[in-house]
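Please read the following report alongside the sequence and the coordinates.

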Amino acid sequence: MKDQFVVPAKLRTASFVLMGIGVLTLLIGLVALGGEHGATRFWAGILQNSTFFLLVALASTFFIAATTLAHGGWQLAFRRVPEAISMAVPVLGAIVFIVLMIIVFGGKDHIYHWLDAEHVKHDRVLSWKSAFLNKGFFTTATVITIGLWAFFTVKLRNMSLQEDTWDLSPDTGRRILWRNTVWCGGFAVIFALSVGSTTPWLWLMSIDAHWFSTMYSWYTFASTWVSGLSLIALFVIYLKKNGYLTFVNEEHLHDLGKFMFAFSIFWTYLWFSQYMLIWYANMPEETAYFQPRVWGEWRPVFFLNLILNFILPLLLLMKRDTKRNYTAVTYIAILIIFGHWLDFFQMVMPGTVRELHFPWYELGLGLGFVGLTIFLVINQLAKAPLVPKNHPYLKESIVHHT
Amino acid sequence: MAAKKFVVGCFDDEAVLFPAVKKVRAAGYKIHDVYTPFPVHGLDHAMGLRETSLHTAGFIYGITGTTTALSFMSWVFTTDWPMNIGGKPHFSLPAFIPITFELTVLFSAVGMVLTFCYLCQLAPFVKKHVFHPRQTDDKFVMAIEVTGKTGADELKNFLTAAGAHEVHEQTAETGWWLGRFDREDRLFNEQPAPLNA
């Protein structure tokens, strides 16, 4: 049984090439995107990509927490994959933190115009919100959330690795379940209070500081969660195709496919709930967000977003055979991740750069982050056996049948 | 709708049932059905049943619901009885979506339940033959049709050898008929015994 992942040189090179493209794009951007307007796009692109990939990696920690709390045994056969992906959180979190601090303290008030103290003084809406939207609160909340995410992620990973060294007995089995449940419960609370509520408001919604939507955080969560599931599926398929993960078969893939299908619909549900209430009430302070997106030049992106993230996954993943087909799931997973990357693009850009543009710069950075994620994940995968051999639910995963 | 002859085998354990099903199929006997007290994963594959088409039916019911809702609402609000609601256009798609969604779900759910009941021949006041009274309790019951080529005695021995602890022959109606399980106990083609025989 091939249980120990060895990083193939080709994949490592590919990840370096992708990271190289990212860095090169960043350098080209530094030169090509000159002036005040160019600088806005420069930072908006970094903000979009870094937050997106951080939250996608964090979805893996949430996957571990949710399946552990639900006592879901089916995922144990590939449990080390979400663990390895989640270990990208500390690195990506550090990048997001640096980026946000540069934006907030580096005078980049074209991204967040609530940073401009003089402007806020004369702006009734923003001065009302200044208890929430100010540098101090923003920094504190960012430090706390990223810190807690990284802490819990590393803790869950270390517990899992430590359990490999224990002797298998009913007592250790119970201990594994108990302490994982406790720590995952803790993380679920943190996650609900950060990604499920305030973090996307601070990082992304405050770009359109006058506008507000209580759905926004859930919408962001749905977007990154379905991409995170697709990312897990991609790594599982990659390992399976290379002869690892002996216990994983179509049954596990089928369940991952169901998750991708279901949460694509969940994303659409939130997308529509946010849109319809604003459309119905038709109040200027609320419709301001959708005006450039639905009736402005962002209209094609807005509807492409819906096609990529709802209509295609709905129709493609509906059939049982597709969800059990490795090749089909690979392509659909890439489609979903790109679709939600585009979703983040249309969330960030209309409020910062304003006019529609071809995202060569944003795509290049995105490829860089893809390379970084691959690099971090494969190194983590190689660190430990691919099967958590002492987990009491492992048998349930081996005989898993949908 | 005809009464057929069956050999019925009773099993205690699904671990015995699975190899028995495989042996019976390999020997070329025709399994009428297997009755279990709970859903047994993988039994449909072992029995060689084809994949159900219920989900295709569900999809068709669903899109019927979608088109019904969208076309009806569009007709009502643009042609039949246009009303000014909050200054919105007469054909305002976002407002139609929730109802379209509900009708899609309603049509597919109700349609699938009814189709499922029809396929399983389940309905109120409809009765089917029960091969063994404990098949809904703790026994796994396999009914094998006796055709012209099947030797009934030979089949009984075969089932016993495969692990059945109770084997007997029954003549039973394969379809359903009107009746109630709690009121009426006799078989479809059985004549009631004369009271003072």
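## Overall build of chain B

How many helices and strands does the secondary structure of chain B come to? Chain B has five helices and six strands, where helices (H or I, at least four residues) and strands (E, at least two) are DSSP runs numbered from the N terminus. Along the sequence, these elements follow the pattern β-α-β-α-α-α-β-β-α-β-β. Chain B is more spread out than a compact globule, because its radius of gyration, taken over C-alpha atoms, is 25 Å, well over the 16 Å that the globule rule gives for 197 residues; that rule is 2.2 Å times the number of residues to the power 0.38.

This is a predicted model, in which local features need pLDDT of at least 70 and side-chain atom pairs count only at pLDDT 80 or more, whereas totals for chains, interfaces and linings use all residues. Residues are numbered from 1 along each chain as its sequence is written, while chains are lettered from A and ligands numbered from 1 in the order in which they are written.

## Domains and extent

An automatic or database domain assignment supplies the domain bounds, and chain B is divided into domain 1 (3–51 + 128–178) and domain 2 (54–119). The centres of these two domains of chain B, taken over C-alpha atoms, are separated by 44 Å. Taken along the principal axes, the C-alpha atoms of chain B fill a box of roughly 80 × 45 × 30 Å.

Of the 197 residues in chain B, 16% are buried, a class that requires 20 or more other C-beta atoms within 10 Å of a residue's own, against 12 or fewer for exposed and in between for partly exposed, with C-beta atoms placed from the backbone.

## Contact between the chains

Four residues from chain B and five residues from chain A take part in the contact, which is counted where C-beta atoms, placed from the backbone, lie within 7 Å.

## Gly42 of chain B

Gly42(B) sits in the loop between strand S2 (31–35) and helix H2 (43–47) of chain B, and it counts as exposed because it has 11 C-beta neighbours inside 10 Å. Gly42(B) and Gly62(B) are 20 residues apart in sequence, and their C-alpha atoms are 28 Å apart in space.

## A helix pair in chain A

Helix H2 (residues 35–69) and helix H8 (residues 170–203) of chain A pack at an angle of about 150 degrees, with their axes 9 Å apart; axes are lines fitted to C-alpha atoms, for helices over the stretch in contact, and angles run from 0 to 180 degrees between N-to-C directions. Among the residues that meet are Leu55(A) and Phe62(A) in H2(A), and Phe187(A) and Trp203(A) in H8(A).

Technical notes:
Two residues are in contact if their C-beta atoms, placed from the backbone, lie within 7 Å.
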